[in-house]
Amino acid sequence: MNILNISHLCKVYGEGANATHALNDVSLSIEAGEFVAIVGSSGSGKSTLLHLMGGVDRPTSGNVFLNGNDVYSRSDEQLAILRRREVGIVYQFYNLIPVLNVVENITLPVVLDGRPINQSRLKALIQTLSLMGREYHLPNQLSGGQQQRVAIGRALMNAPSLVLADEPTGNLDTQTSREIMSILRRSNKELGQTLVVITHDEDIALTADRIIAIEDGRVARDERIRS
């Protein structure tokens, strides 16, 4: 069963002679539980594609269906709810709130939703992410790898069906990168969450079930590595 169906997706920035076609008629589907790596050179459109998958930006034309529902038929407020409840997004630069501690950053989507915090899930995430003893540290008291773990915790706190990661290991050393990808892969395999990762790292891409290469805003290659 497909969790994502993308149809004739286009994204244009600017107008007239200054128009930049970040995405140009992209159509693809992603199955529930898949681990998909998106690769491509800088400026190819892969980050734009990821953001449109997750309801972060609106397309110029085309459709994105998540769990059978048209993502961009929603209001901006409804899109914000979608991002909190159904999609977990991990960015390269962490995007943590500097005045919030580890627990507060991880539970932020739940708090913004006005829902009670699942304390058992929070405890399990803290343990999985190896953040025990750092629950009340601020981001500037953490290493880069620890900050990325917090960002992953925030993305997973609401148990989303879709996890999107934009270069999640781009600022990390090799060992920490392996640890971060192990956490994401574990959420994919053990929890059945669909995982889409943008990466420049060929070794990471080759651990995916499928590789999609983006060039000049189009799908240049779509290759299944393993079933």
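Visitor: In what order do the four strands of the open sheet lie, and is the pairing parallel or antiparallel?

Guide: Strands of a sheet pair through backbone hydrogen bonds, in a parallel or an antiparallel way. In this predicted model local features need pLDDT of at least 70, side-chain atom pairs count only at pLDDT 80 or more, and totals for chains, interfaces and linings use all residues. Residues are numbered from 1 along each chain as its sequence is written, and side-chain values use heavy atoms, with hydrogens and water left out. The four strands form an open sheet in the order E2-E1-E4-E5, with antiparallel pairing. Its edge strands, each pairing on one side only, are E2 (20-31) and E5 (69-70). Strands (E, at least two residues) and helices (H or I, at least four) are DSSP runs, numbered from the N terminus. Two strands pair if DSSP finds at least two bridges between them.

Visitor: How many bridges join E1 to E2?

Guide: Eight bridges join these antiparallel strands, and Asn-5 has Ser-29 in E2 as its bridge partner. E1 and E2 form a hairpin with six residues between them, and Gly-14 in the turn has a positive phi of about 85 degrees. On to E4 (residues 61-66): five bridges pair this strand with E1 (residues 2-13) in the antiparallel sense, and Cys-10 stands opposite Ser-61 in E4.

Visitor: Which residue other than glycine has a positive phi of about 55 degrees?

Guide: Most residues other than glycine have a negative phi. Asn-95 is not a glycine, yet has a positive phi of about 55 degrees. Asn-95 is found in the loop between strand E6 (87-90) and helix H3 (102-106). With 44% relative accessibility, Asn-95 counts as partly exposed. Asp-216 is another case, with a positive phi of about 50 degrees, in the loop between E9 (210-215) and E10 (218-224). Asp-216 has a relative accessible area of 68% and is exposed. Buried means under 20% relative accessible area, exposed over 50%, and partly exposed in between (1.4 Å probe, protein chains only).

Visitor: What is the order of the six strands in the other open sheet?

Guide: The order is E6-E7-E8-E3-E9-E10, with mixed pairing. E6 and E10 are the edge strands, each pairing on one side only. Strand E7 (residues 162-166) runs parallel to strand E8 (residues 194-198), joined by five bridges, and Leu-164 stands opposite Val-196 in E8.

Visitor: At what angle do helices H6 and H7 pack?

Guide: H6 (residues 144-156) and H7 (residues 174-191) pack at an angle of about 10 degrees, with their axes 10 Å apart. That makes H6 roughly parallel to H7, a label for angles under 35 degrees. Axes are lines fitted to C-alpha atoms, for helices over the stretch in contact, and angles run from 0 to 180 degrees between N-to-C directions. Contact means heavy atoms within 4.5 Å. The residues making this contact include Ile-152 of H6 and Ile-183 of H7.

Visitor: How many residues has the largest nonpolar core?

Guide: In soluble globular proteins, nonpolar side chains tend to be buried together. A nonpolar core is a set of buried Ala, Val, Leu, Ile, Met, Phe, Trp, Tyr and Cys residues joined through side-chain atoms within 4.5 Å. The largest here has 36 residues, and those with the most contacts inside it include Val-150 and Leu-184. H6 gives the most to this core, with five residues. Apart from it lies another core of 28 residues, among them Leu-4 and Val-196.

Technical notes: Angles under 35 degrees count as roughly parallel, over 145 as roughly antiparallel, 65 to 115 as roughly perpendicular and the rest as oblique.
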